[in-house]
Amino acid sequence: MLIDGGLVLEGGGTRCLFSAGILDRLIENKIFFKHVYSVSAGAYVAISYISKQKGWSEAALLDTVKTNKLFSWWHFFTRGSVTNIKLMFDKIPNELLPLDYEEFFNSGQDLTMCLTDLKTGDPVYINKYEDSKHLMDMCCASNSFPVISRTRFVDGRPMTDGGMADAIPIRKAVSDGVTKNLIILTQQSRYRKKLKTSKLITTRYFWHKNFVRTIRERPYKYNADLDFVEELVYQKQAIAFYPEISLPKLITRDPKRLRELYKHGYEMGKMVVEQIKEFFGITGETC
């Protein structure tokens, strides 16, 4: 069943294996959302959700983490990015674990990815994709975390990780007229960002004055967005889910912790499915 509602996915690096677990449970129950809003690693797991490939994100991220092929400082010093870009956005989806691009483009779902424009510091939302290469290029740009990744260019404009300008694109969903949303976060429910700025990022990009301003305002905006999520839930305009176990860092190479996080999301997915049915008025055991 295609639900005329929104699915909003926060980023969070390898913590998005929690989201992947929930999404696999949704695939299993044939629950798909017409409008999907994502950023950074959330965009990566969203693609296989729309292509309806249960287990794809788990295999793509966990198997490569186990073999230490996905993240390494060797890649940073030789290729300019801690992430193995060629592996993550080309070899895995096109050779090792082929994505079903035909299903993706014919799904009837629309995927909005958020990028951050380095010149303006503003979020840039992409929801049209020319082909599979363009889709993965945009996903790569949305995942290009400052300092540890190379700057990506889209139509000649320098782009970086979408989470810098809009880490939880729920306001974009609401502004697009999506009145009921499922929101999956990758931090615990009472989490709030400390009100401090990364000096490493502001120093590295000091000539991009607007982007530096965005970075300085980021913790305030993020915390305000979390408050907004809670307000939408209170007003019964959204349902939101958060991980309830201790979380790894943004990038971790510990497969045991990542497996636990995926399983946690998959198990929570049972409750998510039930609440989706109630919230969106769906009847039947499976949708």
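Predicted model: local features only at pLDDT ≥ 70, side-chain atom pairs only at ≥ 80, totals over all residues.
Residues are numbered from 1 along each chain as its sequence is written, and side-chain values use heavy atoms, without hydrogens and water.

**Entry 1: terms for spaces.** I worked on a 1 Å grid over the protein atoms alone. A pocket is an open set of points with protein on both sides within 12 Å along at least five of seven lines, while in a cavity a 1.4 Å probe fits but cannot get out. Lining residues have an atom within 4 Å of a point. Points are joined across faces, edges and corners, and a volume is the space filled by probe spheres set on them.

**Entry 2: second largest pocket.** I listed its lining as Ile85, Lys86, Phe89, Asp90, Asn94, Tyr101, Ser132, Lys133, Met136, Asp137, Cys140 and Arg152. H5 and H7 are the elements that give two or more residues to this lining. Helices here are DSSP runs (H or I, at least four residues), numbered from the N terminus. I sorted the lining into five nonpolar, two polar and five charged residues. Ala, Val, Leu, Ile, Met, Phe, Trp, Tyr, Cys and Pro count as nonpolar, Asp, Glu, Lys and Arg as charged, and the others, Gly among them, as polar.

**Entry 3: H5 and H7.** I then looked at the two helices themselves. The axes of H5 (residues 85–96) and H7 (residues 132–142) come within 11 Å and cross at roughly 150 degrees. H5 and H7 are therefore roughly antiparallel (angles over 145 degrees). Ile85, Phe89 and Pro93 in H5 meet Met136, Cys139 and Cys140 in H7 (heavy atoms within 4.5 Å). This contact of H5 with H7 has six nonpolar, no polar and no charged residues.

**Entry 4: largest pocket.** I read a volume of about 980 Å³ for the largest pocket. Its lining has 45 residues, and Phe145, Met164, Lys193, Arg218 and Leu250 lie nearest its centre. H10 gives the largest share of that lining, four residues. By class I got 25 nonpolar, 13 polar and seven charged residues.

**Entry 5: cavity.** I searched the whole structure and found one cavity of 30 Å³ or more. The largest cavity has a volume of about 50 Å³. Its lining includes Met164, Lys193 and Arg218.

Note on methods: Axes fitted to C-alpha atoms, helices over the stretch in contact; angles between N-to-C directions. Parallel < 35°, antiparallel > 145°, perpendicular 65-115°, else oblique.
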